Amino acid sequence: MGHDTDAALTTAPIPALIAKLAVPASVGFFFNTMFNVVDTFFGGMISTQTQAALSLSFPVFFIIIALGSGLANGATAVIANALGAGRDQDARVLSSQTVSLACLSAAMLTAIGMLAARPLFIFLGASQAYLGDCLAYMYTIFAGTLFFLGAYACNAILNAAGDTRSFRNFLIMGFLANLILDPWFIFGGLGVPAMGIVGLALSTILIELMGTLYLAGKVGRTGLLGASGLKDFRPRRGPIGVIIRQGLPASINMLTVGLGIFVIIAFISPFGKAAVAAYGIAVRIEQIVLLPAIGLSVATLTLVAHSNGARLFGRIAQTLRTVLVYGGICMVAGGLTIFLLAEACMRIFSADTEVIHIGATYLRIDALALYAYVILSVHVATLQGIKKPGFAVLIGVLRQIIAPATVFTILIKIYHSGLLGVWWGICFITWAAAVITALYARRLLKKALESS
């Protein structure tokens with residue numbers, strides 16, 4: 001196992017470590033976002049209805065992302081804490097049980113997803129051919145849930161060991177493969193029939209399978225997995241319980257994001273398919289601008305967890321200060337870019353003037369909320385790293401479900417603000433959640449510093 005790497009994560013200069021961890025993660029997630037952008041682009045070549053179906057499918061797809069991301073964040077936190085404390089054997093056990101938990105979770109989610117997809121899409125307003133496209137896409141995706149969660153589990157172990165490069169490499173390779181597989185599977189050729197929106201889903205599953213195999217090979221080289229053979233993967237209540245207690249709040253927090261998208265789309269849908277398609281495209285653009293925030297969150301979780309395991313609380317505070325400065329610089333640049341180039345960004349994905357106008361309006365308002373996302377995400381990562389993930393659930397429910405449902409209803413139903421009410425509501429709610437979470441996390445850190 002990389003003992004020198006483990007030690008460096010608690011001794012090396014923090015700015016250099018943040019760059020080492022955050023840059024590969026940000027680059028990787030850039031290609032992950034571009035992977036989704038490619039899907040959106042080729043979906044638009046089929047029809048606006050297909051783009052709308054992808055937008056409507058996203059919150060359902062996000063259930064898989066929520067479970068996988070929560071599992072990964074929880075596993076990274078407990079494995080990294082064990083490594084930071086020098087408990088290598090515990091780290092090995094937790095790593096093997098992370099893989100076992102991913103397999104069990106995948107089986108459960110596949111079964112539930114197949115049963116729940118139709119009523120969910122009907123609830124969101126899909127019907128007839130529109131509903132058919134949504135179901136065709138998500139049934140295929142749910143069939144490959146194991147590969148999504150397998151990749152998340154392997155990446156969690158790698159992140160805990162300080163390796164963010166391997167996942168970056170997978171995401172780059174996946175993006176390049178998607179450029180070939182998407183048009184091939186959608187339109188057919190070379191013995192492959194034209195599959196339309198099902199081709200988009202099948203391409204994604206095949207790439208996730210290849211990525212899981214690649215990442216598993218990288219994990220095998222860390223010495224953290226299966227040192228004693230297959231018996232290490234037999235589910236064990238104790239370690240799985242530790243991972244679930246740490247990861248479940250993160251999964252629920254992520255799930256509230258998916259539920260929040262349900263809420264947003266439920267308020268957007270009455271304004272038509274163009275509004276739904278515009279929101280889906282604009283969110284993809286937003287994700288590109290927020291990539292540094294994702295990388296900084298990954299770096300924060302790894303460094304804070306190692307420092308917490310080693311009881312270096314002053315180093316945790318220094319990590320938090322540094323990532324907030326870096327994030328502020330990145331979000332000012334990104335915010336100015338999307339504010340000034342909103343229409344141009346939307347035109348890349350749609351020629352529909354109504355879609356372009358709606359999406360550009362959202363992006364200009366969203367530019368004012370970008371730094372709030374950084375503040376929120378790095379403080380949530382800090383709470384995860386110090387093994388206090390529960391608050392993220394509370395703030396997630398308030399930010400994603402209760403506040404939007406209340407604020408949107410007031411702005412649209414009472415003040416008749418239309419879509420602008422949704423866009424400004426998102427901005428206000430995000431800032432409020434960021435400030436509240438930052439105050440809570442800093443209070444915990446202050447107590448830890450005073451008691452150390």
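# Cavities, pockets and side-chain pairs

Modeller: In this predicted model, the lining of the second largest cavity divides by class into 8 nonpolar, 5 polar and 1 charged residues. Ala, Val, Leu, Ile, Met, Phe, Trp, Tyr, Cys and Pro count as nonpolar, Asp, Glu, Lys and Arg as charged, and the others, Gly among them, as polar. Because the model is predicted, local features need pLDDT of at least 70 and side-chain atom pairs count only at pLDDT 80 or more, while totals for chains, interfaces and linings use all residues. Residues are numbered from 1 along each chain as its sequence is written, and side-chain values use heavy atoms, with hydrogens and water left out.

Colleague: How many cavities of 30 Å³ or more does the structure hold?

Modeller: Rolling a probe the size of a water molecule over the atoms shows where empty space is left. On a 1 Å grid over the protein atoms alone, a cavity is a set of points where a 1.4 Å probe fits but cannot get out; a pocket is an open set with protein on both sides within 12 Å along at least five of seven lines; lining residues have an atom within 4 Å of a point. Grid points are joined across faces, edges and corners, and a volume is the space filled by probe spheres set on the points. The structure has 3 cavities of 30 Å³ or more. The second largest cavity holds about 140 Å³. Of its 14 lining residues, Ser55, Phe58, Gly280, Ile281 and Arg284 lie nearest the centre. Two or more lining residues come from each of α3, α9 and α10 (273-289), and α10 gives the most, 7 residues. Helices (H or I, at least four residues) and strands (E, at least two) are DSSP runs, numbered from the N terminus.

Colleague: Which residues lie nearest the centre of the largest pocket?

Modeller: They are Ile63, Leu67, Met108, Leu109 and Leu255, from a lining of 16 residues. The elements giving two or more residues to that lining are α3 (48-84), α4 (88-123) and α9 (237-268), with the largest share, 7 residues, from α4. The volume of the largest pocket is about 240 Å³, and its lining has 14 nonpolar, 2 polar and no charged residues.

Colleague: Which element gives the largest share of the lining of the second largest pocket?

Modeller: That is α6, with 5 residues. At least two residues each come from α4, α6 (145-160) and α8 (197-220). This second largest pocket has a volume of about 210 Å³ and 13 lining residues, with Val99, Gly150, Cys154, Thr212 and Ala216 nearest its centre.

Colleague: How many disulfides does a search of the whole structure find?

Modeller: A disulfide is a covalent bond between the sulfur atoms of two cysteines. The criterion here is a pair of cysteine sulfur atoms within 2.5 Å, and the search finds 0. Cysteine 154 has its nearest cysteine sulfur, that of cysteine 103, 9.3 Å away. At 7% relative accessibility, cysteine 154 is buried (buried means under 20% relative accessible area, exposed over 50%, partly exposed in between, with a 1.4 Å probe and protein chains only). For cysteine 330, the closest cysteine sulfur is in cysteine 345, at 17 Å, too far for a bond; cysteine 330 is partly exposed at 31%.

Colleague: How many salt bridges are counted?

Modeller: Side chains of opposite charge can pair when their charged atoms come close. The rule asks for a side-chain nitrogen of Lys or Arg within 4 Å of a carboxyl oxygen of Asp or Glu, and the count is 2. One joins aspartate 90 and arginine 87 at 2.9 Å, N to O; aspartate 90 is partly exposed at 35%, and arginine 87 is partly exposed at 37%. The other joins arginine 364 and glutamate 343 at 2.5 Å, N to O. Arginine 364 lies in α14 (residues 353-366) and glutamate 343 in α13 (residues 342-347), so this pair ties together parts 21 residues apart in sequence.

Colleague: Where is lysine 387 found?

Modeller: Lysine 387 sits in the loop between α15 (370-385) and α16 (390-414). Most residues other than glycine have a negative phi. Lysine 387 has a positive phi of about 65° although it is not a glycine, and is partly exposed at 38%. Histidine 416, in the loop between α16 and α17 (419-451), also has a positive phi, of about 50°. Histidine 416 is exposed, at 64% relative accessibility.
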